[in-house]
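Okay, thanks everyone, I'll keep this short. Let me put the structure up, and then we'll walk through a few pieces of it.

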Amino acid sequence: MPTTDSELRREAIRRTLARRAGGTPDASSVAKATLGIWHQVSARLAPVIGARGVDALFSRSLQLTSAAFPWLAIIGENMESADLLANIETRLAWREPETALEVSYTLLVTFTELMATLIGESLTGRLLDPVWVPPSPASEKEAGS
Amino acid sequence: MSKKVIIHRLATGVPGLDAILGGGLPELSFNLIVGPPGSGKTTLAHQIMFALATKEKPALFFTVLGEPPLKMLRYQQQFSFFDLDKVNESIRFVNLSDDFVTGNFDQVLARITREVENVSPALVFVDSFRSIMLEARHQPAGTISPQQFVQQFGIMLSSWQATTFLIGEYEAESEHHPVYTVADGLLSLEQSVYRNSMVRKIQVLKMRGQATSPGMHTFRITSPGVEIFPAPIVRRDTVDGPITSRPLRSKTRVAMGVPRLDEMLGGGLPSGYSLLVAGPSGSGKTILATAFLAEGVRRGEPGVIVAFEQTPSHSWVRTLDDLIRAGQIGLINTRSLDLSIDEIVQHLTDLIFQMKATRVVIDSLSGFELAVAPAFRDDFRESLFRMFAVLSNLGVTVLMTSELEDRYIDLRFSPYGSAFLTDAIIVQRYIEVESHLQRVMAVVKVRASVHSTEIRRFEITEEGIVIGDPVLDYEGILGGQPTRVKVSSPAEGGKP
C-alpha cells in the first residue's frame with residue numbers, strides 16, 4: 001500500500017499513463033499520452049515558475065532518465081521544449097509499448113521528484129495533483145479492503 | 001455627518017509593522033518595498049501576502065526575472081507564515097519572465113491585466129520592479145518607455161481596487177524615478193554590516209494619509225518571518241499620558257531584600273525609580289539584583305531580568321534560577337552580538353505586560369553594551385535614554401548594574417554618563433584593610449529623598465548580602481587606601 005507522498009504520486013502517474021494510453025496500448029498511443037500529460041504539467045507549472053524554469057527541470061529529468069535508457073539522450077542541446085517533446089514522442093513511438101510506458105513513467109517520476117527536492121512534496125502536490133487521474137471508486141474500494 | 005472617504009487599514013501580520021505604519025496598511029494603496037539584495041523585501045512581501053490573502057480576497061504574486069521562482073518558493077516555504085494550503089487557493093504565483101523576454105512592455109501590461117481580470121485580486125505584488133527597469137533598456141525602440149510603463153501601470157493599479165506592492169531594488173539616487181512620486185507608501189529596507197554583526201533596518205519613507213513612526217526601526221528575520229522592533233517614542237506627557245494620571249512616582253517604597261539597605265535608602269527605593277548599582281567586578285552587584293527580585297516575588301511583585309552575563313552556579317544564583325524556572329521571574333537572556341536596544345525594549349515591554357511585572361533588573365549595562373551591535377554603540381546613550389523613558393512610562397522600578405573599573409583617583413558611576421539618567425545610585429567598592437580586601441557600599445543619590453550618606457562595609461555570605469555598620473574607623477576609603485582613625489565610639493571594629 002503506498003503511503004508516502006512520493007509513493008502515492010508514483011501510483012498516480014502510473015494510473016494516469018495507463019488511463020490515457022488506453023487498455024492495451026501500442027507505442028504510439030503511449031507516446032501520445034505522454035505528450036498530453038507533459039503539456040498539462042507544463043501548463044500548470046509555467047505560470048508559476050516560468051516556461052524556462054519548466055524547460056530547465058525537464059532537461060535535467062531527461063538527462064537523469066537517459067542514464068537508464070541511453071537511447072533517450074538527445075544529441076544537440078538547447079532545444080526548445082516543444083521540439084524536445086516532439087523528438088521524444090517520435091523516439092517513444094519506435095519502442096516496444098512496455099518500454100515506452102516504462103520510460104515515460106520514469107521520466108515523469110524523475111521530474112516530479114526533482115521538483116519535490118526543490119520545493120517540497122506539499123507544494124509539488126498542490127501544483128501538480130490536478131494533472132493526475134484520481135483513483136477510480138473501484139480501485140479505491142480495493143485499496144480500502 | 002461626515003461624508004469623507006474612510007480608509008480601512010489592513011493588519012499586515014508582520015509584528016511591529018502596523019505600529020510603524022501608523023495603524024496598518026491603507027486599503028487600496030500602492031506601495032513600494034525597496035532595498036538592496038538580501039534585505040528581506042520578498043520575505044516581507046510574502047509575509048504580508050500570506051497574512052492578508054483569503055479566498056474572498058485573493059492575492060496575485062507576479063515574479064519577474066529577478067529571483068528564479070523555484071528558488072523563491074523553495075526558500076520562502078521555510079518560513080512558518082508560508083501556508084501551503086493558500087497556494088493556488090487564495091494566492092497565485094504568476095511568472096512574467098517569458099513575457100518580458102519575448103514581448104515588449106505593452107504585452108507585459110496586457111498579460112498582467114489579463115491575469116488581474118481573471119482573478120480579481122485584492123492584493124497584487126510585482127517582484128521585482130528593478131528587473132523591469134533593467135529589462136527596459138533592452139526594449140526595441142518604438143515601444144513604450146519604462147516611464148510610460150510605470151505610469152500606465154500606476155493608472156491600472158488604481159482602477160483595480162487592489163492593494164498593490166512593487167518590490168524592487170533602490171536605483172541610484174540620480175535616477176529619481178517617477179514611481180516614487182506615484183506611490184502611496186514607500187518602505188525602505190536595508191542591512192548594514194559593521195565588523196562582525198549585521199543589522200537590518202526598515203524605514204517608512206512615505207505613507208499617505210497617516211502618521212508613521214519616523215526614523216529607522218530595526219528588524220530581524222527568523223523562522224516565523226520578519227519581526228520589526230519599533231523604536232520607542234518618548235511620549236510627551238500631553239494628550240495620551242497626563243502626568244496626573246500616572247501613579248508611577250507614588251510615595252510607596254520598594255523593599256530591596258537586603259537587610260539595612262532599605263534604611264540606607266531612606267526607607268526603601270521609591271517605586272518607579274531607576275537605580276544604578278555601580279561597582280567593580282565581583283563586588284556583589286548581581287547578588288544585590290537577585291535579592292531585589294527575590295524580595296519582589298516574596299511580596300507578590302513579579303519581576304523581569306535582562307541578563308547579559310554568564311553567572312556561575314552559586315546558591316543565590318540558584319535561587320534566581322529556581323524563581324525563573326517557577327515562572328515567578330521573567331528572563332531575557334541573550335548573548336548575541338547584533339541586538340538593537342529597541343529589540344530588547346520590545347521584548348522587555350512584552351514580558352513586563354505578560355508577567356505584570358513591577359520590578360526590572362538589567363544586569364549589566366556593560367554586558368548590554370557588548371550585546372548591542374557595534375553599529376548602535378555610537379547611539380548607546382541616546383538609546384538608553386529612550387529605554388529609561390519607556391520603562392518609566394510603564395511605572396516599573398528598575399535596577400541596573402554597571403561594572404566600574406576600580407579607580408581611586410576619581411569617583412565615577414558609569415561609563416556611559418547614564419548616571420544622570422537614573423534616580424538613585426548605589427556604589428560598591430573594594431578597600432584594602434590590613435592587607436585584606438573588604439567591600440563597602442554607599443548610597444550616593446536618591447532623587448527627592450533623604451538617604452543615608454554612610455559608607456558601610458558589607459559581606460557576601462551564603463544567605464546573600466550582609467551589611468555591617470558604618471565605617472567610622474577609617475577614612476580615605478574612596479581612595480582605596482583607608483587609614484585608621486581614632487574613634488572613641490564603640491562602633492570600632494564595626495565588622496559586618
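So, α2(A) goes past α4(A) in a right-handed crossing. Keep in mind that this is a predicted model. The two helices, residues 27–49 and residues 81–93 of chain A, pack at an angle of about 155 degrees, and their axes sit 8 Å apart.

Sort them by class and you get eight nonpolar, two polar and one charged.

Okay, on to the two chains. Here 14 residues of chain A are in contact with 14 residues of chain B. On the chain A side, the elements giving two or more residues are α2, α3, α5 and α6. Which one gives the largest share? That's α6(A), with four residues. By class, that side of chain A has eight nonpolar, four polar and two charged residues.

Last stop, chain B, helix α15, residues 380–394. Its 15 residues reach 21 Å from first C-alpha to last, close to the 21 Å expected. Buried in α15(B) are B:Ser383, B:Leu384, B:Met387, B:Val390, B:Leu391 and B:Ser392. And what do those buried residues pack against? In chain B, that's β14, α12, β17, α14 and β18. Then, just after α15(B), B:Gly395 takes a positive phi of about 80 degrees. That's it from me.

Key: Residues numbered from 1 in each chain as written. Chains lettered and ligands numbered in written order. Predicted model: local features only at pLDDT ≥ 70, side-chain atom pairs only at ≥ 80, totals over all residues. Axes fitted to C-alpha atoms, helices over the stretch in contact; angles between N-to-C directions. Left-handed = near helix turned anticlockwise from the far one by under 90°. Nonpolar A, V, L, I, M, F, W, Y, C, P; charged D, E, K, R; others polar. Contact = placed C-beta atoms within 7 Å. Expected span 1.5 Å × (residues − 1). Buried ≥ 20, exposed ≤ 12 C-beta atoms within 10 Å, placed from the backbone.
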